Amino acid sequence: MPRVSAPVVKLVQRTTEPAGVQTLRSTAAAVIAYSVAVWFLPEPAPLTAPLTALLVVQVTLYATLTTGIRRVNSVVVGVLIAIGFSSLVGLSWWSLGLTIFTALMIGRLVRVNEFVPEVAISAMLVLGVSQVADTAWDRVWETLIGAVVGLLFNLLLAPPVWVGSAGSSIESLAVRMGTMLRSMGEEVVGNNPVSRAAARLHEARRLDHDIVEVDASLRQAEESLTLNPRVRHGLLHRVVLRTGLDTLEICAVVVRVLSRTLTDLAKARTEEALFPPDVTELLQELFGRLAEAIESFAVLVTTQLAADADAAEERLADALARSRATRDLVADLLLEDVQEHPRQWQLHGALLAEIDRVLDELDIEERTKRLGEELDRRSAEAHARRPRLRALARRLGRQPA
């Protein structure tokens with residue numbers, strides 16, 4: 001087999017990324033829309049059609065459908081406004097301003113969302129030509145051609161499912177949290193300078209920004225599963241990923257509070273060790289077990305194959321069991337330490353409470369319960385939004401999906 005050069009490998013890797021795939025899809029759809037518009041319309045350069053297709057072909061099929069409808073709506077509304085103003089007042093500086101103002105106001109009323117400026121743009125382009133009626137309908141037809149091409153493009157060539165990207169983002173978040181917990185375990189040894197503890201706290205606070213980025217990736221994955229013919233169990237995948245991220249978000253908050261507790265201990269014990277040597281050794285092990293549990297949890301919620309999911313669940317169960325056993329030993333030693341040295345006893349209690357919260361959030365039975373509740377809630381919402389479909393299904397003797 002011939003050896004593939006490195007530049008070609010990099011090119012293929014880039015084109016498999018969301019940005020690369022979207023670039024190729026948008027370009028193809030725009031070219032097809034332009035060709036169709038040239039074939040059917042008398043306009044010499046119907047650029048509105050490829051522009052519409054370019055904007056309609058989004059990353060997911062769900063976004064394509066919703067975006068196409070809103071864009072066509074915005075263009076039609078803008079054209080109708082231009083026809084009305086041209087027949088009444090013509091084009092002048094004050095009529096242009098009134099047209100723009102009216103188009104923007106009506107655009108918000110018809111709820112075209114991000115295409116509100118498109119209403120005003122369509123009205124201005126049509127208002128500024130001599131043959132308003134012909135140009136107006138040509139623009140409408142171009143927009144419809146571009147929207148239809150964009151919709152058919154994604155229906156016939158279904159966009160990819162971005163579950164893999166979202167899963168990688170969730171696992172990366174868990175790895176960052178695990179690395180942070182292991183670093184905390186190293187810093188409980190001996191005397192921890194306040195500056196180092198404060199830096200760790202600042203790093204823990206940055207997890208909020210990481211969660212926002214992961215949430216954006218997950219939203220894209222959820223949209224890619226909606227209405228996608230490639231997916232058979234879209235709702236289950238969406239709920240598993242969403243509840244998994246919710247759990248990690250709670251754990252990130254607890255990790256930040258845990259960092260705050262260790263920072264307060266460092267401030268209170270500037271001249272001595274944070275914990276006795278026997279407690280330090282167990283705490284180091286406990287932080288490592290917590291890191292392993294969080295990372296195993298992320299692998300569990302992002303794994304789709306049953307065999308791999310069973311292995312991930314076993315690793316998570318083992319990490320949780322070892323964490324709880326180590327946590328009990330730490331609690332016993334801290335209780336003895338508090339009885340001998342009662343200073344900052346409340347921080348010891350807070351430390352244990354925060355560790356317990358992480359273990360409870362990662363608990364397998366708790367996750368199963370939360371997953372079932374979320375599935376029931378979303379199914380109930382779907383049924384409530386489709387009462388006619390549910391009634392028809394009952395008449396046919398079948399249960400609604």
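Valine 301 is buried, with a relative accessible area of 3%; buried stands for under 20% relative accessible area, exposed for over 50%, and partly exposed for what lies in between, with a 1.4 Å probe and protein chains only. This is a predicted model, in which local features need pLDDT of at least 70 and side-chain atom pairs count only at pLDDT 80 or more, while totals for chains, interfaces and linings use all residues. Residues are numbered from 1 along each chain as its sequence is written, and side-chain values use heavy atoms, with hydrogens and water left out.

Valine 301 lies in helix H12. Leaving out residues up to four places away in sequence, valine 301 touches Ile170, Val240, Leu241, Gly244 and Arg367, where contact means heavy atoms within 4.5 Å. Arginine 367 stands 66 residues from valine 301 along the chain, and their C-alpha atoms are separated by 9.9 Å.

Helix H12 covers residues 277-302, and helix H14 covers residues 345-362. Two packed helices are described by the angle between their axes and the distance between the axes. The axes of H12 and H14 come within 10 Å and cross at roughly 25 degrees; axes are lines fitted to C-alpha atoms, for helices over the stretch in contact, and angles run from 0 to 180 degrees between N-to-C directions. That angle makes H12 roughly parallel to H14, since angles under 35 degrees count as roughly parallel, over 145 as roughly antiparallel, 65 to 115 as roughly perpendicular and the rest as oblique.

On the H12 side, Leu283, Leu286, Leu290, Ala293, Ile294 and Phe297 meet Leu351, Ile355, Val358, Leu359 and Leu362 of H14. The residues of this contact divide into 11 nonpolar, no polar and no charged. Here Ala, Val, Leu, Ile, Met, Phe, Trp, Tyr, Cys and Pro count as nonpolar, Asp, Glu, Lys and Arg as charged, and the others, Gly among them, as polar.

Valine 89 sits in the loop between helix H4 (61-88) and helix H5 (93-109). Valine 89 is partly exposed, with a relative accessible area of 37%. Apart from neighbours within four places in sequence, valine 89 is in contact with Trp94 and Ser95.

The protein chain as a whole has 16 helices and 0 strands; helices (H or I, at least four residues) and strands (E, at least two) are DSSP runs, numbered from the N terminus. Of its 401 residues, 44% are buried. Among contacts in the protein chain between residues at least 6 apart in sequence, 78% join residues at least 24 apart.
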